[in-house]
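Take a look at the chain below.

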Amino acid sequence: MISVTSGDRVLVRSADGRDVQRVAVTGVVRGSSFPVVWVCHENEWLAARSSGRKPEAVPWPVEYVTTNNCSVT
């Protein structure tokens, strides 16, 4: 299982096989049927941080998430 924390830049594999960059909002957490990482677009991450709110995020199956251990500031 990957090691990811909130604020890490991650690559997620989309349904059409593309790898797209996102920001992890959580580490690995339990989903309804499998482990997930909640992710959002980097613009959403930055906007949420600047306005003091939680980012709008979506759960991504952990098996389709990779990280380079680089955080967004």
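The sections below go from the whole chain to single residues.

## The chain as a whole

This is a predicted model. The chain has one helix and five strands. Along the sequence, they come in the order β-β-β-α-β-β.

How big is the box that the C-alpha atoms fill? Taken along the principal axes, the box is roughly 30 × 25 × 20 Å. The radius of gyration of the chain is 12 Å. A compact globule of 73 residues would have a value near 11 Å, so the two agree.

## Surface and contacts

Of the 73 residues, 32% count as buried. The accessible surface of the chain is about 4,800 Å². Carbon and sulfur atoms account for 51% of that surface.

Contacts also tell us how the chain folds back on itself. Take the contacts between residues at least 6 apart in sequence. Of these, 43% join residues at least 24 apart.

## Salt bridges

Side chains of opposite charge can pair when their charged atoms come close. How many salt bridges are there in this model? The count comes to four. Three of them are described here.

Glu42 has a relative accessible area of 27%, so it counts as partly exposed. Arg9 is partly exposed too, at 23%.

Another salt bridge joins Arg13 and Asp19, at 2.5 Å from N to O. Arg13 is partly exposed, with 39% relative accessibility. Asp19 is also partly exposed, with 42%. Arg53 and Glu44 form a further salt bridge, at 2.6 Å from N to O. Here the partners fall on two sides of the 20% cut-off for buried residues. Arg53 has 37% relative accessibility and counts as partly exposed. Glu44 has 17% and counts as buried.

## Arg22: a charge without a partner

Arg22 belongs to strand E2 (residues 19-30). Arg22 is buried, yet it has no salt bridge. Why does it have none? A salt bridge needs a nitrogen and a carboxyl oxygen within 4 Å.

What does the side chain of Arg22 make a polar contact with? The partner is the side chain of His41, at 3.5 Å. Leaving out residues up to four places away in sequence, Arg22 touches Asp8, Arg9, Val10, Val12, Val39, Cys40 and His41.

Thr66 is found in strand E5 (residues 65-71). Is Thr66 buried or partly exposed? Its relative accessible area is 45%, so it counts as partly exposed.

Thr66 and Ile2 are 64 residues apart along the chain. Their C-alpha atoms are separated by 7.2 Å. Which residues does Thr66 touch, not counting those up to four places away in sequence? They are Val10 and Leu11.

Methods
Residues numbered from 1 in each chain as written. Predicted model: local features only at pLDDT ≥ 70, side-chain atom pairs only at ≥ 80, totals over all residues. Heavy atoms only, no water. Helix = DSSP H or I, 4+ residues; strand = E, 2+ residues; numbered from the N terminus. Buried < 20%, exposed > 50% of the residue type's maximum accessible area, 1.4 Å probe, protein only. Lys, Arg positive; Asp, Glu negative; His and termini not counted. Salt bridge = Lys/Arg side-chain N within 4 Å of Asp/Glu carboxyl O. Polar contact = N/O pair within 3.5 Å; in protein donor to acceptor, adjacent residues only side chain to side chain. Contact = heavy atoms within 4.5 Å. Rg over C-alpha atoms; globule rule 2.2 N^0.38 Å. Areas by Shrake-Rupley, 256 points an atom, 1.4 Å probe, with all protein chains shown as cover.
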